[in-house]
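Have the sequence and the 3D view ready as you read.

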Amino acid sequence: MQRRLFLALFLLSTSVFAQKTTSKPNVIYIFADDLGYGELGCYGQRKIKTPNLDRLAAGGMRFTQHYSSAPVCAPSRCGLMTGRHTGHTYIRGNYELGGFEDDKEGGQMPLNEGAFTLGHLFQQAGYQTGAVGKWGMGMANTTGNPNQQGFDFFFGLLCQKQSHNFYPTHLWKNGEKVPLNNSFIRVHQPMAEGDENYDYYVGKEYAIDKMTEQASAFITENKNKPFFLYLPYTLPHLSLQAPAEAVKEYIGKFEDKPYRGQNGYASTRYQYATYAAMISYLDKQVGMIWDLLKKSGLEENTIIMFSSDNGATFDKAVDTRFFESNGKFRGVKRDVYEGGIRMPMIAYWKNKIKAGQTTDHISAQYDVMATCAELLGVGFTSTQSTNKRADVKPAPTTDGISFLPTLLNKGTQKQHDFLYFEFPENGGQLAIRMGKWKGVKRNMKTNPNAAWEVYDLSVDESEQNNIAAQHPELLPQLDAIVKREHRPSHLQEWEFVDPKFETKK
């Protein structure tokens, strides 16, 4: 009798376990803010500690040729969310609305009504969807409201300018302000003389801690149903602000110097130690989320992806050269050289993605839509590769190609004919990655007929040797891609590729 009871319970438990492990996988996409290619230990960083992300990479797959959609925040996030490159996206630059003060909070250009986002994709597949962190694609009273753009739950910062201060007076939760116990800080105000004035830039409630609390709550509340969590943290975007205990770990490790806000952003006694602490604090948050998945029994049924929206920032409040933040690559944030757009990318799925892998598959963040669609078995149409299913109504067209075959080492991995980047800021820039070749155009707003720069990334990843003159056969190919891929923008400020108006000199 006891043996039969034990056998019955055993079969029941294994049935429940099998049901749990074969259910729809959860997906967590963690997005860093201005984290450079070289700022993680697993990507060669030697001065900043990132043990959790290093272990995540060791337990899964590390990408070496993965690109953001754009070299600044808003268009990069738009590309990720909609699966389109910046010749097709609605948002192509950081179009700012409002100011830094609380009463002038206006956000950025809102995502358009009718957009199809990753949130919508997962909602249609029966998932609970959450976004926690920095949105940057419209306030709650606009068409860009994340609750109307595919997310059942939102908590964090709607306006990018508010993210310049890690101690804001409030965050947003589903369209409502959530007050924090912080006084308003003018982070772009140079510091007055006197060391006591450093304290002005320190608040009581650190926004990152609130984000992790809410992300953890979302996971816990939805542990018995499939969920998609988009987690765009604001670290290590300037200002230089981190909890004292985090900074303490790095004090004395560098020949440090104070920063007094002379170039904007918050002042700090320890310039290098604070920046390093911000990246390590981001790593700590990833570790906390990962630990929660393990404790909740969700780890084996959850894919974690980690990347960054663009390269490390231009040197205003921190010397990114000191940390070799963008690795060996040329350029920084706001550049379409590799330093501005080549990103770290880690994918982890216990027992599904083989541990310890590194891939040189050329991919972009606008591939995530196609990848998730294939994961969910949802039909979609790609501009470069089609995957039509008669039983599923296709989602809107994507410029991406699924890299799921690379993650799971199953099937044939389709390759991009090209990656396309169109950026109207910093003079107006174009970039095209075409196999080993990289074409770059700069300063097109003042010189519409700017010449192509051409680099062979197989031997010149640092983009030091322009070989356009040696390969004239590539130039018509690059021109043809631009002509085919560029669509006119709805903003004159963003229309620099083929303007139908007189450009300002």
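Strands here are DSSP runs of E with at least two residues, helices are runs of H or I with at least four residues, and both are numbered from the N terminus.

A quick note on the source: this is a predicted model, where local features need pLDDT of at least 70 and side-chain atom pairs count only at pLDDT 80 or more, while totals for chains, interfaces and linings use all residues. Residues are numbered from 1 along each chain as its sequence is written, and side-chain values use heavy atoms, with hydrogens and water left out.

Back to the strands: strand 17 and strand 18 run antiparallel and are joined by 5 bridges. Two strands pair if DSSP finds at least two bridges between them. The open sheet they belong to has 4 strands in the order 16-17-18-19, paired antiparallel. Strand 16 and strand 19 are at the edges with a single partner strand each, so one side of each has no neighbour in the sheet.

| Strand | Residues |
|---|---|
| Strand 16 | 419-423 |
| Strand 17 | 429-434 |
| Strand 18 | 437-441 |
| Strand 19 | 453-456 |

Now for a helix pair. The axes of helix 5 (residues 207-221) and helix 7 (residues 271-295) come within 10 Å and cross at roughly 15 degrees. Axes are lines fitted to C-alpha atoms, for helices over the stretch in contact, and angles run from 0 to 180 degrees between N-to-C directions. So helix 5 is roughly parallel to helix 7 (that label covers angles under 35 degrees).

Note on methods:
Angles under 35 degrees count as roughly parallel, over 145 as roughly antiparallel, 65 to 115 as roughly perpendicular and the rest as oblique.
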